[in-house]
Amino acid sequence: MSDHVKEPMFSAKNLKLFTTPLGRDNPITVQVLGICSALAVTVKLKPALVMALSVTIVTAVSNLVIAAMRKYIPDRIRIIVQLVVIATMVILVDQFLKAYAFDVSKQLSVFVGLIITNCILMGRLEAFAMANKPWPSFIDGLGNGAGYGIILVIVAFIRELLGSGTVYGYPVMQKLGIYSTGYENNGMLILPPMALIIVGCIIWYQRSKNPDLIEKK
Amino acid sequence: MKEFSNRYIFIFSAVMVVAVATLLAMAATLLQPQQLRNLEIEKKKSILESIGIESTRENTESLYEKYIKELYVINKAGEKIEGVDAFKVVIKDEQKKAPEQQYLPVFKAVLDDGEKLIVLPVEGKGLWGPVWGYLSVKSDMNTIYGCTFDHKGETPGLGAEINTRPFEDMFIGKKLFESDKFVSIGVLKGGAAADDPHNVDAISGGTITSKGLEKMIADCISKYSDYLIKNRN
């Protein structure tokens, strides 16, 4: 790599790696990956945030590890190697949550383990980390994790506010005294289908703002 | 990408597996004490919940010390067994033993107003996995004071409703005995009359969990029946 000019760590190109997955190339709304967990953990903000953080850490670190090893990974067993790295990271995260965030780990229960099967991870490792240097891969992982997280947080915010009348466990609706006017929480929003509908609305909004995201007929 | 020899692939996989195994084993060992502590707090929290005391992670320990006055293990005949830590008894392991050899933990609690309660652990099977809980019984050894249930993986919105307040509150005031006969508490599909002393409503869409819960209470509490009859006042 000595023939390359050394690139600054936060070059425009690297920053773009972080920002495109937040919007134009969002893993959930544009690539439509990781939908399953987006439905499951977005009833309340807290598990959604922890899930977002966990996925971001796992994606970024696995990307880093795979990118660092990419020249030594035999092509024929690369998928296995990627899975081993992801699984290791997920188990570590799960163990840490069980030790230091027990309540959250109880709420997330099986979904932490299911990060392993989150398509965003394998997708990024195969498409990006296997062909790029560690640092850009790390940023790419952070960006994709954050892009996933941002959608999770938006969906969870709407579902928690309208479904349970709270935000991050704080009883907003009650404090505003809205219940006395006959308002009731919408139980529908607690059910998974509403998450899909909210994600659908976000996709709709995003595409109407970015016409070039719409597939050509 | 360049070709790698089979030999290289084997060595690569072997080294990778050993490295990963070491890392995970280390993490598991280092984090275990903290994880076990969390489980202990969780258990104390559930016991407190069954006597109607809400606690947070921070004050669970102190509240537990305050309200749970005594704990011991009995056998099926209702005799106390010395030298066993009731808190450490694992119900699931006990259920594998012969009924006469099982250790049955009893937690004695005294509330602020002086009311004496006993808390009995129960454990059984739901639809997808284990369900468990604690029942607190008043000093007449018959009336339920409160209870709490939990589950490993019942369906959210259906079977998982067993650990919600409205479901648990239905058990309050129900009776375990009809004079000297143990009848337990049934979980009735189609609903139970509010004044029915031995039944509560099942959960719609959670029939198997409800049935499991009913069986769990009948199985576990019936083992205490001699003890409960003996200690009536």
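In this predicted model, helix α1 and helix α2 (residues 60–67) of chain B approach each other with axes that come within 9 Å and cross at roughly 50 degrees, and α1(B) and α2(B) are therefore oblique to each other. The crossing of these two helices is left-handed. On the side of α1(B), the contact is formed by I41(B), K44(B), K45(B) and L48(B), while α2(B) contributes T60(B), E61(B), L63(B), Y64(B) and Y67(B). Sorted by class, the residues of this contact of α1(B) with α2(B) comprise five nonpolar, one polar and three charged.

Helix α1(B), which covers residues 6–50, also packs against a helix of chain A, namely α4(A) (residues 78–100), at an angle of about 15 degrees and with the two axes 8 Å apart. Because of that angle, α4(A) is roughly parallel to α1(B), and α4(A) passes α1(B) in a left-handed crossing. The residues of α4(A) that take part include V81(A), V84(A), T88(A), I91(A), L92(A) and Q95(A), and among those they meet in α1(B) are M16(B), V20(B), L23(B), L24(B), A27(B) and A28(B). The residues of the contact of α4(A) with α1(B) divide into 14 nonpolar, five polar and one charged. The contact between the chains takes 16 residues from chain A and 17 residues from chain B; on the side of chain B that touches chain A, 12 are nonpolar, five are polar and none is charged.

Chain A itself contains 10 helices and zero strands, so that, in terms of DSSP runs, every element in its order from the N terminus is an α. The C-alpha trace of chain A spans about 70 × 45 × 35 Å along its principal axes, and buried residues account for 38% of the 217 residues in this chain. Of the contacts in chain A between residues at least 6 apart in sequence, 77% join residues at least 24 apart.

In soluble globular proteins, nonpolar side chains tend to be buried together. In the present model, the largest nonpolar core has 47 residues, and those with the most contacts inside it are M51(A), V58(A), L152(A) and V155(A). At least two residues of this core are supplied by each of α3 (45–69), α4, α7 (119–127), α8 (134–164) and α10 (192–209) of chain A, with α3(A) giving the most, 13 residues. When its neighbours within four places in sequence are left aside, L152(A) is in contact with A38(A), T42(A), A48(A), M51(A) and A52(A). Apart from this core lies another, of 45 residues, which includes I51(B), V119(B), L135(B) and I162(B).

Two residues with positive phi values may be described together. In the loop between α1 (12–19) and α2 (35–40) of chain A, V32(A) has a phi near 50 degrees, a positive value in a residue other than glycine. With 12 C-beta neighbours inside 10 Å, V32(A) counts as exposed, because the cut-off for an exposed residue is 12 or fewer. For S184(B), which is also a residue other than glycine, phi is positive and near 65 degrees. S184(B) is located in the loop between β8 (181–182) and β9 (186–188) of chain B, and S184(B) is buried, with 21 other C-beta atoms within 10 Å, because a residue counts as buried at 20 or more.

Note on methods: Residues numbered from 1 in each chain as written. Chains lettered and ligands numbered in written order. Predicted model: local features only at pLDDT ≥ 70, side-chain atom pairs only at ≥ 80, totals over all residues. Helix = DSSP H or I, 4+ residues; strand = E, 2+ residues; numbered from the N terminus. Contact = placed C-beta atoms within 7 Å. Axes fitted to C-alpha atoms, helices over the stretch in contact; angles between N-to-C directions. Parallel < 35°, antiparallel > 145°, perpendicular 65-115°, else oblique. Left-handed = near helix turned anticlockwise from the far one by under 90°. Nonpolar A, V, L, I, M, F, W, Y, C, P; charged D, E, K, R; others polar. Core = buried A, V, L, I, M, F, W, Y, C linked by C-beta atoms within 7 Å.
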